Amino acid sequence: MKISVGNDIVNITRFENKIMKNKNILGKIFLPSEIKDKDVKHLAGLFAAKESVTKALNLKPGKWLDIEISYEKDGKPKVNLSSELRNHIQDYSLSIAHDGKYALATMVVLLNDKSK
């Protein structure tokens, strides 16, 4: 077993400016289920979460559509991955937070012995 951590912080204003300049970028980062009824602050948190998952699992950059962030009934963020990626994970914990102009996320994952 191996423990891996990924962390990311996003400046919400800068994130919003990038999205406003190129709205097509949303479809390259987020799945339709993630965009529905979400404001920029929420999307910035989801982006930070996807980046933290990418870092914790040592994925190649730009694999955002292979990662879906959803929520449990109690509001806890949940990571949905392809079965190929899921097979490497024993357990994980994802946290997303917002404070003023920033959104941040941390992913802690317990990897199987077969993992990278």
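Helix 1 (residues 12–21) lies across strand 1, strand 4 and strand 5. Its direction runs at about 75 degrees to strand 1. Helix 4 (residues 40–56) packs on the sheet and touches strand 1, strand 4 and strand 5. The direction of helix 4 makes about 150 degrees with that of strand 1. Contact here means heavy atoms within 4.5 Å. Axes are lines fitted to C-alpha atoms, for helices over the stretch in contact, with angles from 0 to 180 degrees between N-to-C directions. Helices (H or I, at least four residues) and strands (E, at least two) are DSSP runs, numbered from the N terminus.

The model is predicted: local features need pLDDT of at least 70, side-chain atom pairs count only at pLDDT 80 or more, and totals for chains, interfaces and linings use all residues. Residues are numbered from 1 along each chain as its sequence is written, and side-chain values use heavy atoms, with hydrogens and water left out.

The open sheet is formed by 3 strands in the order 1-5-4, with antiparallel pairing. Strand 1 (2–11) and strand 4 (89–99) are the edge strands, each pairing on one side only. Neighbouring strands of this sheet are turned by 10 degrees against each other on average, direction ignored. Two strands pair if DSSP finds at least two bridges between them. Strand 4 and strand 5 (residues 102–111) run antiparallel and are joined by 10 bridges. Tyr92 stands opposite Val109 in strand 5.

Strand 2 (residues 67–71) and strand 3 (residues 77–81) also run antiparallel, joined by 5 bridges. Glu68 has Asn80 in strand 3 as its bridge partner. The two strands form a hairpin with 5 residues between them. In the turn, Gly75 has a positive phi of about 95 degrees.

The structure holds 3 aromatic pairs. Rings of Phe, Tyr and Trp (its six-membered ring) pair if their centres lie within 6.5 Å; planes under 30 degrees apart count as stacked, over 60 as edge-to-face and the rest as tilted. Phe15 and Phe47 form a tilted pair, 5.7 Å centre to centre, with 35 degrees between the planes. Phe15 lies in helix 1 and Phe47 in helix 4, so the pair ties together parts 32 residues apart in sequence. Phe47 counts as buried at 15% relative accessibility.

Phe47 and Trp64 form a tilted pair, with 5.5 Å between centres and 55 degrees between the planes. Phe15, Phe30, Phe47 and Trp64 form one aromatic cluster.

Methods:
Buried means under 20% relative accessible area, exposed over 50%, partly exposed in between (1.4 Å probe, protein chains only).
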